Amino acid sequence: MCGRYAASRRPEDLAGIFEIEKWEPEETLEPDFNVAPTKEVYAVLDRALKDEQEPRPVRQLRKLKWGLVPSWSKTPEGGARMINARAETVHEKPSYRRAFTSRRCILPADGYYEWVTGKQERDLEVEGRKKRPRKQPYFVTPADGSVFAMAGLYEFWRDRTLPDDHSQAWWVTCSVITTEAETGPLAVSPADGPHALAEIHPRMPLMLTPDRWDAWLDPARTDVDELRELLAPPPGGLMRAYPVATAVSNVRNNGPELLKELEGPEEGTLF
């Protein structure tokens with residue numbers, strides 16, 4: 001699952017990493033250390049420009065809204081629930097299958113947050129004495145400090161209640177593709193904490209390694225079987241995970257301090 005992530009890289013940095021040809025300065029987003037559903041996020045995509053005499057795919061950095069709204073949807077209200085698409089079924093689900101064959105993107109991040117229920121609370125749940133759990137957040141990020149390139153889909157939705165020239169007539173939304181979490185050891189893991197991503201959560205965002213970026217973004221690739229091969233999990237042992245303050249649990253909190261590594265889980269949230 002991916003329900004919250006951090007994205008602090010500047011457009012000029014992303015332009016160099018992903019070989020961006022076009023991005024609009026007016027679409028610049030501030031660094032966001034607590035990205036939540038329905039927020040605007042950066043997406044890397046290949047798409048032809050309208051004004052080109054000979055249309056060709058152009059690598060662009062675009063500002064999209066996180067929470068996919070299918071083109072056929074009557075209202076955008078379900079977008080907040082469609083933040084994740086499962087890699088195993090994305091090719092066949094009505095909400096995602098059209099985007100999967102023609103509108104794929106990369107959502108660049110520093111990493112993502114996931115919450116683990118404290119061991120004491122889990123034990124109480126097993127004993128049937130469940131109480132309000134206090135969960136310890138972990139930040140998962142590439143161990144080498146590289147960009148976390150999440151596989152994503154994007155879609156266009158037309159608000160028929162507005163005229164064509166209205167600035168909000170078209171919505172462009174996106175979803176993160178998730179896969180089964182790695183069961184192998186993390187590249188770096190806390191001494192008192194999880195040693196595999198699967199110990200944190202059974203799902204994880206699908207990270208695309210650089211050798212897959214061009215193929216994933218290429219809109220000319222439409223064969224479902226070939227595209228599904230790109231959904232294979234990345235090599236194991238690339239990630240690290242560490243505990244961060246529970247302040248990240250409140251979406252109103254935002255700042256680089258949210259990424260500060262704690263020496264161990266906060267009191268009451270022991271792994």
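Tutor: Let's start with a word we'll need: a residue is buried when its relative accessible area is under 20%, exposed when that value is over 50%, and partly exposed in between, using a 1.4 Å probe and protein chains only. Strands are DSSP runs of E with at least two residues, helices are runs of H or I with at least four, and both are numbered from the N terminus. Keep in mind that this is a predicted model, where local features need pLDDT of at least 70 and side-chain atom pairs count only at pLDDT 80 or more, while totals for chains, interfaces and linings use all residues. Residues are numbered from 1 along each chain as its sequence is written, and side-chain values use heavy atoms, with hydrogens and water left out.

Now pick out strand β13, which covers residues 239–243. Of its 5 residues, 5 are buried. Follow the side chains along β13: Met239, Ala241 and Pro243 point one way, Arg240 and Tyr242 point the other way, and all are buried.

What is β13 paired with? Two strands pair if DSSP finds at least two bridges between them. Strand β9 (residues 135–142) is joined to β13 by 5 bridges, and the two run antiparallel. You can find some of the facing residues yourself: Tyr138 is opposite Pro243 of β13, and Val140 is opposite Ala241. Strand β9 is mostly covered too, with 7 of its 8 residues buried.

Strand β9 also pairs with β8, again antiparallel, through 6 bridges.

Step back and you get the whole sheet. It is open and has 5 strands in the order β3-β1-β8-β9-β13, with antiparallel pairing. Strands β3 (32–35) and β13 stand at the edges with a single partner strand each, so one side of each has no neighbour in the sheet. On average, neighbouring strands of this sheet are turned by 30° against each other, direction ignored. For angles like that, axes are lines fitted to C-alpha atoms (for helices, over the stretch in contact), and the angles run from 0 to 180 degrees between N-to-C directions. As background, strands of a sheet pair through backbone hydrogen bonds, either parallel or antiparallel.

Side chains make links of their own. A salt bridge is a side-chain nitrogen of Lys or Arg within 4 Å of a carboxyl oxygen of Asp or Glu, and the structure holds 11 of them. One of them joins Arg9 to Asp110, with the closest N and O atoms 3.9 Å apart. Arg9 sits in the loop between β1 (5–7) and α1 (11–18), and Asp110 in the loop between β7 (104–109) and β8 (111–117), so the pair is 101 residues apart and links distant parts of the chain. Arg9 is partly exposed at 26% relative accessibility, whereas Asp110, at 11%, is buried.

Another salt bridge pairs Asp46 with Arg59, where the closest N and O atoms are 2.4 Å apart. Asp46 is in strand β4 and Arg59 in strand β5, so this pair ties together parts that are 13 residues apart in sequence. Asp46 is buried at 12%, and Arg59 is buried at 9%. Finally, Asp46 and Arg59 join Asp214 in a network of salt bridges.
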